[in-house]
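Good morning, and thank you for making time for this item. I would like to take the group through one model, from its overall form to a few individual residues.

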Amino acid sequence: MMKMIGSPGSMSGLILRLGQCATAAASIGVMVSALGFSNYTAFCFLVASMGLQLIWSFGLACLDVYAIRRKSDLQSPILLSLFTVGDWVTALLSLAAACSSAGVTVLFTKDTEFCRQQPTLSCNRFQISVGLSFLNWVLAATSSHAMFWMLI
């Protein structure tokens, strides 16, 4: 198997996974701290999707730490297939949640000016959380792309 940036069991893979964990946790934290987020399905979907991404990335980061410390190889075809499918699923869910939340946020802030009419909503926090979720998706897409090319 070839070595690529972001491959499992490497330092670059660990950094990529830790970045995914950090952006997912930050997105969840910002969204949960915003008042009124739970009244909107898209924002709840974003929190759930980022939660799944956080769990998946943290699990693989722990596996990377174990492989780096033991100097073991995680590049077997079965493991790469599992990582690839998991990365695809979490990346697609992250993209769907980020896009739906971005649509609601744009609707609230630009189209209907709902945020000005409802001063109790934390629209700035919605925007920050959505931005972090898109950053998370970029990292997840990078990881899934690397896994796919290693599998081939």
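This is a predicted model: local features need pLDDT of at least 70, side-chain atom pairs count only at pLDDT 80 or more; totals for chains, interfaces and linings use all residues.

Residues are numbered from 1 along each chain as its sequence is written, and side-chain values use heavy atoms, with hydrogens and water left out.

Let us take the fold. The chain has five helices and zero strands, in the order α-α-α-α-α along the sequence. Here helices are DSSP runs of H or I with at least four residues, strands are runs of E with at least two, and both are numbered from the N terminus. Along the principal axes, the C-alpha atoms occupy a box of roughly 55 × 25 × 20 Å.

How much of the chain is buried? Of its 152 residues, 41% count as buried; the term means under 20% relative accessible area, with exposed over 50% and partly exposed in between, using a 1.4 Å probe and protein chains only. A contact means heavy atoms within 4.5 Å. Among the contacts with a separation of 6 or more, 80% are made by residues 24 or more positions apart.

The UniProt record, in an unreviewed entry, lists residues 7–139 as "domain: Casparian strip membrane protein". Such annotations may be inferred rather than shown by experiment. Over residues 7–139 the model is 82% helix and 0% strand, and the end C-alpha atoms lie 13 Å apart.

I turn now to the aromatic rings. A pair of aromatic rings is described by the distance of the centres and the angle of the planes. Rings of Phe, Tyr and Trp (its six-membered ring) pair if their centres lie within 6.5 Å; planes under 30 degrees apart count as stacked, over 60 as edge-to-face and the rest as tilted. The count comes to seven aromatic pairs.

One of these joins Tyr40 and Phe108, edge-to-face, at 4.9 Å centre to centre and 70° between the planes. Tyr40 lies in the loop between α1 (11–33) and α2 (41–70), whereas Phe108 is in helix α3 (residues 77–111), so this pair ties together parts that are 68 residues apart in sequence. Phe108 is buried, at 8% relative accessibility. A second example is Phe148 with Trp149: the ring centres are 5.4 Å apart and the planes stand at 75°, so this pair too is edge-to-face. Phe148 is partly exposed at 30% relative accessibility, and Trp149 is partly exposed at 39%. Ring pairs also link Tyr40, Phe43, Phe108, Phe114 and Phe126 into a cluster.

Ser144 sits in helix α5 (residues 123–151) and is buried, with a relative accessible area of 8%. Which residues does Ser144 contact, leaving aside neighbours within four places in sequence? They are Asp87, Trp88 and Ala91.

Gly13 belongs to helix α1 and is buried, with a relative accessible area of 2%. Leaving aside neighbours within four places in sequence, Gly13 is in contact with Gly6, Ser7 and Asp64. The C-alpha atoms of Gly13 and Ser143 are separated by 7.9 Å, although these residues are 130 residues apart along the chain.
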